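Here are some short notes to read beside the model. Keep the 3D view open and work through the points in order.

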Amino acid sequence: MSLLLNELGNGIFLGAFFGLVALGYSMVYGILRLINFAHGDFFMVAAFVSYTILGAVLVGHNSHGQWWTLLWVGVVVMVITGGLNMLANQIIYRPMRRAAILSLMIAAIGLSQILENGVLVTPQWGATYLVYPVTSPPAGFNLGSNHYTWAQLIIVLVSGLLALGTYFLVGRTLLGKAMRAVSEDRIAAMLMGVNVDLVIAIVFFIGGALAGAAAVMTGVYYGQINYLMGFTVGLEAFTAAVLGGIGNIGGAMLGGLVLGVVQSIGTAVFGSEWAIVVAFGALVLMLWFRPTGLLGERVARRM
Amino acid sequence: MRALELRDVSVFYGAVRGVEHVDLHVDEGEIVSLLGANGAGKSTLLKAISGIVHPRAGSIEFFGDALAKQSAHRRVRRGLVHVPEGRRIFTTLTIAENLELGAYGIQLGRGERADRLREVLEHFPILQRHFDRLAGTLSGGEQQVLAIGRAMMSQPKLLMIDEPSLGLDPQKIDIVYDMLEEVARLGTTVLLVEQNVSLALEISARAYVLQQGSIVLSGDASTLAEDPRVADAYLGKVNDVPE
């Protein structure tokens, strides 16, 4: 029982990361029907960018718990990653708007390669694991027999807030309604006076920004980053998005949490080398029994 | 004042002709019909005017300003609104959200948008029912009514509407046409595309008849209503009529 509770805690925490990255996946899918395989790599790039910025501003400081510095660097990294994601849309996907969705997916895979190898050949970054400049202090609180750090709690809270903010934006604001309108019928949205290209660009910005936030938190929590980290996280986030029902905002977050819990429990039972297997096992089962995901629309349609 | 003036407009889809050498005008406050059989180019012409497709040649002026390469969403801001064929309401959004989006192009504040919504509901009380339901649950007639109400949210100067009677029973058609007359009475100019000739001519001042991408007849609605060549146009025979 204690083990289950412990893994539930870990799972929620892990799921918060997955959920944030999955949100970006899901929103881009929702509006372009594109599985953006480069999404995880923007997460990775964000980790490296934040690594460099933090390294520069924290020279000679204690690496523990620089919360305020982390906060503003986090915001800056969100803006940078959002901007990069938007730029990728502008340069790569937008000129391909009339192309088959398969071409866009191949372009996304290409972009993923460019980003990974770009980081690989960048001086100071490269192929080795880098130690993140800020790490989370071990202090925290006990729940039952389990110890959780403050950092874990903050990560869950920040993720929750960002997810809620996104949910509010898409569900309640006029811009969000325009996003959903573009997602359903681009031409009809245009005839309402919606600047479709701008709305799509904003979606890419938000998706990138959320991945940026997740990246900073990952760095702080795990303490190390690597140029291939985006690949696994991207696949896990994609799994989370599909589990929840891709294209669905609430579904992405829910899928992230479910995947986090399943993966934590699976890892505890089978061992950590099975983490990815458990994740994709869950995906296969889900697609088998409920292909629309927990809350969402059919995926098979355009893939 | 000319609301809309097309001079020598041609639209092609690759090598396929949509419309060719079309001259057409609509005066402010008029209801004008664009008639013709399936595939005559009526919808293509509306798409060219609203900016979804771009003409290969010719000029389109809206209240004296050339539209040329202006993007579709900017044309909406200037008061040119197009209700496309098949209504194309947003089925996964509520009726209220559909209406709100109708005012997206003119960029109102939250308060103004609410006022505008109230006005539209006053003029078209039929929309008030099922306000928070998903638009996809509406019947065809209700969807058409919503599509017109949504278009009116932006207080357009010119409303173009494509086949509003398509697939509706006579009772629903009456409701939709009453609504169009109300739109005109409120001061909006209307360009109406229809296959249902008698229905369209009844509320129009003038009409144009398209056949295979070209305008073959035009004139006062009352004159055209008597003209046997209008019916022939639907059967593809106008060019064969002896002088």
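1. In which loop of chain A is the place of A:Arg33? A:Arg33 sits between α1 (2–32) and α2 (39–57) of chain A. Keep in mind that this is a predicted model. A:Arg33 is not a glycine, yet its phi is positive, about 60°. A:Arg33 has 15 other C-beta atoms within 10 Å, so it counts as partly exposed.

2. B:Asp8 is not a glycine either, and its phi is positive at about 55°. B:Asp8 belongs to strand β1 (residues 2–13) of chain B. B:Asp8 has 12 other C-beta atoms within 10 Å, so it counts as exposed. The cut-off for exposed is 12 or fewer.

3. Now go back to chain A and its helix pairs. Two packed helices are described by the angle between their axes and the distance between the axes. For α2(A) and helix α3 (residues 67–93) of chain A, the angle is about 140° and the axes are 9 Å apart. The two helices are therefore oblique to each other. Angles over 145 degrees would count as roughly antiparallel. The crossing of α2(A) and α3(A) is right-handed.

4. Which residues make this contact? From α2(A) come A:Phe42, A:Val45, A:Ala46, A:Val49, A:Ser50, A:Ile53, A:Leu54 and A:Val57. From α3(A) come A:Thr69, A:Val73, A:Val76, A:Val77, A:Ile80, A:Thr81, A:Leu84 and A:Asn85. By class, 12 are nonpolar, four are polar and none is charged. Look at the spacing along each helix. An α-helix has 3.6 residues a turn, so residues three or four places apart point the same way.

5. Look next at helix α10 (residues 249–270) and helix α11 (residues 275–289) of chain A. Their axes come within 8 Å and cross at roughly 135°. The crossing of α10(A) and α11(A) is right-handed. On the α10(A) side, the contact uses A:Leu259, A:Val262, A:Gln263, A:Gly266, A:Thr267 and A:Phe270. On the α11(A) side, it uses A:Ala275, A:Val278, A:Ala279 and A:Ala282. The classes are seven nonpolar, three polar and no charged residues.

6. α8(A) is mostly covered, with 22 of its 27 residues buried. A:Gly223 follows α8(A) and has a positive phi, near 80°.

7. Is α5(B) enclosed or open? Because 12 of its 13 residues are buried, α5(B) is largely enclosed by the rest of the structure. Among the buried residues are B:Glu142, B:Arg150 and B:Met152. The cover includes β6 (80–83), α3 (95–102), α4 (110–123), β7 (158–162) and α6 (170–185) of chain B.

8. Last, look where the chains meet. How many residues does each chain give to the contact? Chain B gives 21 residues and chain A gives 15. On the side of chain B that touches chain A, α2 (72–77) and α3 of chain B each give two or more residues. That side has nine nonpolar, eight polar and four charged residues.

Terms used
Residues numbered from 1 in each chain as written. Chains lettered and ligands numbered in written order. Predicted model: local features only at pLDDT ≥ 70, side-chain atom pairs only at ≥ 80, totals over all residues. Axes fitted to C-alpha atoms, helices over the stretch in contact; angles between N-to-C directions. Helix = DSSP H or I, 4+ residues; strand = E, 2+ residues; numbered from the N terminus. Left-handed = near helix turned anticlockwise from the far one by under 90°. Contact = placed C-beta atoms within 7 Å. Nonpolar A, V, L, I, M, F, W, Y, C, P; charged D, E, K, R; others polar. Buried ≥ 20, exposed ≤ 12 C-beta atoms within 10 Å, placed from the backbone. Parallel < 35°, antiparallel > 145°, perpendicular 65-115°, else oblique.
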